[in-house]
Amino acid sequence: MKRYLLVTIVLFAAIAVIYYMATSWNESKRAEVAEKTTEQRDVLGMSSSGQAASASAATIEPEMTPEATSGSAVSRTSLEKKSIDYSDQIIKGWTDKVMEDATELLKSQTSAQDLSLSFESVTSDLGNFLDIEGASEQKLDEYTEVTVTLRYEGNDGATIRYVYDSAEKLAGIWFDNTRLAASVTKGSRYEEQDMKIGRNPYVLDAKLTLPVGDAVINEKEKPPVVILISDKDDSDMDGTLGYARNTPLRDVAHGLALHGIASIRYNKRANQYSETASAEAGIREYLLKDAWMAIDSASYLNKINTRAVFIMAWGDACEYLPAIIEKRSRRISGLIMVGAKPTKHEDMSYMDEDTKTESDAKYFVSKNNTIPLLFLQGDKDFETPLKFFEKWQALLTGRAHTAYHQYKSLGHYLFPGSKDPSAKDYDVKQTVSSAVMTDVATWCVNNVE
């Protein structure tokens with residue numbers, strides 16, 4: 001009996017020693033990370049104040065462009081799935097499992113313990129973790145970057161950026177904070193108000209859609225607003241198309257409201273005033289003027305944040321965005337282009353030289369290279385093939401405040417596309433993917449000044 005008692009005492013003593021050594025090592029490691037020089041902390045992706053933290057392969061960092069992200073929020077690639085798994089492990093504190101797949105270079109620059117401490121420094125003030133919001137993938141020469149977004153309380157979020165080499169080994173990890181759009185909950189809803197756009201004789205009917213209830217981001221702050229512009233010259237405010245009477249603009253308006261974002265949509269002039277469809281008017285008359293007046297109307301609404309006005313345009317309308325914002329650039333916070341082509345247009349309105357309009361995609365490089373841009377492209381878009389999306393990326397290489405989202409299974413209006421996409425897809429009842437609304441709303445929130 002005494003022998004068993006002695007063994008028990010020795011066993012408890014051993015456990016106490018191990019616990020003391022582990023906790024002492026942990027505190028020592030924390031102090032070591034905290035005392036790193038600025039250069040050493042930069043290798044970990046940490047600011048000198050320690051407010052942002054990550055583990056990374058420093059030799060890759062110059063090639064990264066945080067503002068430019070792309071990927072599919074609809075169907076996951078193998079690297080997106082892997083990154084989501086890694087994120088789940090990091091959240092649970094299993095960083096040693098993540099580091100097992102790291103390159104030797106990354107292992108030499110950081111450790112699983114450093115990774116945990118870096119993640120903790122970024123997320124410690126965000127409250128309770130709620131869910132993994134999504135993942136997006138982007139090719140960077142011989143590397144692939146995947147960004148995973150995490151949602152915390154109060155619409156706070158964090159991103160984990162993974163970089164993989166050609167062998168799909170983990171070559172870099174970065175952590176950062178982000179602000180997310182409101183999440184859709186059972187109690188979220190919206191309200192719509194009729195409004196008017198323009199002046200006599202062509203005053204257009206319009207809708208202002210506002211978030212209410214749980215969708216409101218902050219009761220003390222007015223919501224950002226997105227002006228929706230269809231690519232069809234005779235479109236109604238809902239963007240109605242096909243025998244199924246699909247309504248992509250209304251879908252987006254309602255979806256954004258559920259995420260705390262207001263919107264304005266209006267009838268195109270040729271829809272409400274059919275006699276103008278045959279008039280010899282240029283683009284200035286049937287597109288630009290009405291868009292300018294929509295922007296002006298948004299700038300004077302007291303229910304929205306007039307310093308956070310965005311434009312979301314589809315297809316052909318995107319080609320004239322340079323001409324639209326050239327005269328209203330101080331009132332616009334950013335542009336969202338769906339199925340856009342980088343082209344140059346010159347238009348003569350009523351053959352009057354004074355009303356000549358020029359719209360050149362290079363405007364975003366040479367004249368206005370700071371306005372935030374978001375490009376959305378469906379792989380099933382038969383109206384705007386993927387090659388134009390890639391041309392935008394080539395044209396705007398190195399430009400800041402530019403983001404890209406590519407959706408593997410969506411078409412031109414961001415509905416699910418068929419195996420052989422065509423105009424017949426519009427004859428099937430569809431709604432815009434909810435993933436699109438999440439991406440657009442979050443981007444808008446993060447570009448509010």
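Which side chain meets that of Arg151 in a salt bridge? The partner is Glu133, at 2.8 Å from N to O. A salt bridge here is a side-chain nitrogen of Lys or Arg within 4 Å of a carboxyl oxygen of Asp or Glu.

This is a predicted model: local features need pLDDT of at least 70, side-chain atom pairs count only at pLDDT 80 or more, and totals for chains, interfaces and linings use all residues. Residues are numbered from 1 along each chain as its sequence is written, and side-chain values use heavy atoms, with hydrogens and water left out.

**The sheet**

- Four strands form an open sheet, in the order E1-E2-E3-E4, with antiparallel pairing. Strands (E, at least two residues) and helices (H or I, at least four) are DSSP runs, numbered from the N terminus. Two strands pair if DSSP finds at least two bridges between them.
- Strands of a sheet pair through backbone hydrogen bonds, either parallel or antiparallel.
- E1 and E4 are the edge strands of this sheet, and each pairs on one side only.
- On average, neighbouring strands are turned by 20° against each other, direction ignored. Axes are lines fitted to C-alpha atoms, for helices over the stretch in contact, and angles run from 0 to 180 degrees between N-to-C directions.
- E1 and E2 run antiparallel and are joined by 10 bridges. Asp131 stands opposite Arg151 in E2.

- Strand E3 covers residues 156-164. Nine bridges join E3 to E4, and the two run antiparallel.
- Tyr164 has Leu170 in E4 as its bridge partner.
- The hairpin of E3 and E4 has five residues between the strands. In this hairpin, Glu168 takes a positive phi near 65°.
- Strand E4 (residues 170-179) is mostly covered, with seven of its 10 residues buried. Buried means under 20% relative accessible area, exposed over 50%, and partly exposed in between (1.4 Å probe, protein chains only).
- Helix H6 (residues 112-123) lies across E2, E3 and E4. H6 runs at about 15° to E4.

- Arg151 counts as buried, at 5% relative accessibility. Glu133 is partly exposed, with a relative accessible area of 27%.
- Asp156 and Arg179 also meet through their side chains in a salt bridge, at 3.1 Å from N to O. Asp156 belongs to strand E3 and Arg179 to strand E4, so this pair links distant parts of the chain, 23 residues apart.
- Asp156 is partly exposed at a relative accessible area of 25%. Arg179 is partly exposed too, at 28%.

**Salt bridges beyond the sheet**

- The side chains of Asp290 and Arg269 form a salt bridge at 2.9 Å, N to O. Asp290 lies in helix H9 (residues 283-299) and Arg269 in helix H8 (residues 269-272), so the pair ties together parts that are 21 residues apart in sequence.
- Both partners are buried: Asp290 has a relative accessible area of 1%, and Arg269 has 8%.

Technical notes:
Contact means heavy atoms within 4.5 Å.
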